[in-house]
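The sequence and the structure are shown first.

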Amino acid sequence: MPETPPFVITSAASAAQATAELAEQFSAVAAERDREGSAPFAEVEAVRATGLLPAVVPAELGGGGFDWPTVFEVLRPIIRADGGLGHVFAYHFVNSWRIELNENTSAIAELQRGLATQHWFWGGAGNPRDSNLALEPVEGGFLARGRKFFATGAQVADKITASGTRTDTGEKLAIVVDGRAEGVLHHDDWNSMGQRLSASGSVTFDGAFVPSSQVLGFGGQEGPRYHPYSSLSILLFQVALEHVHVGLAEGALAAAAGYVRTTTKPWSTSGVQTAVDDPFIRELTGELTSLTRAADAVTWSATNAFVKAAERGWQLTDDERGEAAVEIAAAKVFTTKAVLEVTSRVFELTGARATSTSYGFDRFWRNARTITLHDPVAYKAQEVGDRALRGDFPTPSGYS
């Protein structure tokens, strides 16, 4: 972190300009950085320098006070440029906001003020398919022990959101861990074929100290202390993934269109002199663009459904949460199919030469194929179907 923190962006127009400039820089080296696949420490510092990291902190606490539509809109250029970076940056905003869904209001406010003044980058270690961390009570807080896989952003984070279980009482707690604390071991083991810059490797907590000031309260998803509002972070993560899906499709189409205009040759029997006049290329471009625009529309519908639920605060009911969850699940189903089709079929527009690794166009499909496996979309389709057939809402879980 810089010794003198940058100012906080409070204007949507300034934020959009900042991310557009960053996206241009990231896009210029996207293929090279994809081949390297190293954690995005430099890219995090570049975003930090813009003053955008406290965007979702309330203005009265020193933050940008941005709403979610604005956050996702200004992030979209970065997602188009590099889906891995878009993923890790979107998760920063989700993780830095999700602390609001807990009980310890004084701790939450203090962390938000810290984010506004120190410009912390946030990651997460909340993979629900891993065992909860063990939290051993000690003077002044807890010692956290356990390993979390697919901890997106944790490796490059100043603060890590997580949950754990007290070893003495069995109570589940939401916690925030300092990313550079003693006992936090980042394994730098993210080596998947896609989302190479998302810093989604594993992290081990080996007696890492969690001060009481960073214990946010009850962290369970069931029982008498559960409340629908406290589970909204799961839905927000899904919305973030949907924006990444659409941004990936948009980025692939933009890259393909640029190549077609400058390099692709029309087919010999097309009867035209330029690729942009080739009827097959024109038709397929229109089909894939239409599919992407439809995916964008359902994603904004899901975003608005989430915002409507979040605005209810602690008054949110199970049915209101359920309606949002179904809308978000439907968008997940559609955007998954759309991004996989678009990122695969753009090669039909560009032609065989565009498969050269020097262009790196395959990164869009590899990113899409990787991120769409985050949680099985078939179960999202079942949730939508259950609502239509039986009137059931999804049961709140680590993914729904």
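## Loop residues and helix packing

At a relative accessibility of 53%, Thr-355 counts as exposed, because the cut-off for that class is over 50%. The model in which this value was computed is a predicted one. Thr-355 sits in the loop that joins helix 9 (318–350) to helix 10 (362–371). A polar atom of the Thr-355 side chain lies 2.6 Å from the backbone oxygen of Ala-352. Thr-355 and Ala-49 are 306 residues apart along the chain, and their C-alpha atoms are separated by 36 Å.

### Packed helix pairs

Two packed helices are described by the angle between their axes and by the distance between those axes.

| Helix pair | Angle between axes | Axis distance | Handedness of crossing |
|---|---|---|---|
| Helix 1 (12–28) and helix 3 (41–50) | about 160 degrees | 10 Å | right-handed |
| Helix 7 (232–262) and helix 8 | about 160 degrees | 10 Å | left-handed |
| Helix 8 (279–311) and helix 9 | roughly 160 degrees | within 9 Å | left-handed |

What is the relative direction of helix 1 and helix 3? The angle between them is about 160 degrees, and angles over 145 degrees count as roughly antiparallel. Helix 1 and helix 3 are therefore roughly antiparallel to each other. On the side of helix 1, the contact is made by Ala-18, Leu-22 and Phe-26. These residues meet Glu-43, Ala-46, Val-47 and Thr-50 of helix 3. By class, the contact of helix 1 with helix 3 divides into five nonpolar residues, one polar and one charged.

The axes of helix 7 and helix 8 lie 10 Å apart at an angle of about 160 degrees, and helix 7 is therefore roughly antiparallel to helix 8. In the contact of helix 7 with helix 8 there are 16 nonpolar, five polar and three charged residues.

Helix 8 also packs with helix 9, where the axes come within 9 Å and cross at roughly 160 degrees. That angle makes helix 8 roughly antiparallel to helix 9. The residues of the contact of helix 8 with helix 9 divide into 20 nonpolar, five polar and five charged.

### A glutamate in helix 7

Is Glu-250 buried or exposed? Its relative accessible area is 18%, and Glu-250 is buried because the limit for that class is under 20%. Glu-250 belongs to helix 7. Leaving aside residues up to four places away in sequence, Glu-250 touches Arg-76, Arg-80, Thr-292 and Asp-296. With Arg-76 there is also a polar contact between the two side chains, at 3.0 Å.

### Buried residues in loops

Pro-54 is found in the loop between helix 3 and helix 4 (68–81). At 0% relative accessibility, Pro-54 counts as buried. What does Pro-54 touch, not counting residues up to four places away in sequence? The residues are Val-8, Gly-63, Gly-64, Leu-115, Ala-116 and His-119. From Pro-54 to Ala-295 the C-alpha to C-alpha distance is 28 Å, and the two residues are 241 residues apart in sequence.

Asp-158 lies in the loop between strand 3 (141–148) and strand 4 (159–166). With 14% relative accessibility, Asp-158 counts as buried. The side chain of Asp-158 reaches the backbone nitrogen of Phe-121 at 2.6 Å.

### Positive phi values

Which value does phi of Phe-150 take? The angle is near 50 degrees, a positive value in a residue other than glycine. Phe-150 has its place in the loop between strand 3 and strand 4. A relative accessible area of 56% makes Phe-150 exposed.

Phi of Gln-195 is likewise near 50 degrees, again positive in a residue other than glycine. Gln-195 lies in the loop between strand 6 (184–186) and strand 7 (203–211). Gln-195 is buried, with a relative accessible area of 1%, whereas Phe-150 is exposed.

Conventions: Residues numbered from 1 in each chain as written. Predicted model: local features only at pLDDT ≥ 70, side-chain atom pairs only at ≥ 80, totals over all residues. Heavy atoms only, no water. Axes fitted to C-alpha atoms, helices over the stretch in contact; angles between N-to-C directions. Helix = DSSP H or I, 4+ residues; strand = E, 2+ residues; numbered from the N terminus. Parallel < 35°, antiparallel > 145°, perpendicular 65-115°, else oblique. Left-handed = near helix turned anticlockwise from the far one by under 90°. Contact = heavy atoms within 4.5 Å. Nonpolar A, V, L, I, M, F, W, Y, C, P; charged D, E, K, R; others polar. Buried < 20%, exposed > 50% of the residue type's maximum accessible area, 1.4 Å probe, protein only. Polar contact = N/O pair within 3.5 Å; in protein donor to acceptor, adjacent residues only side chain to side chain.
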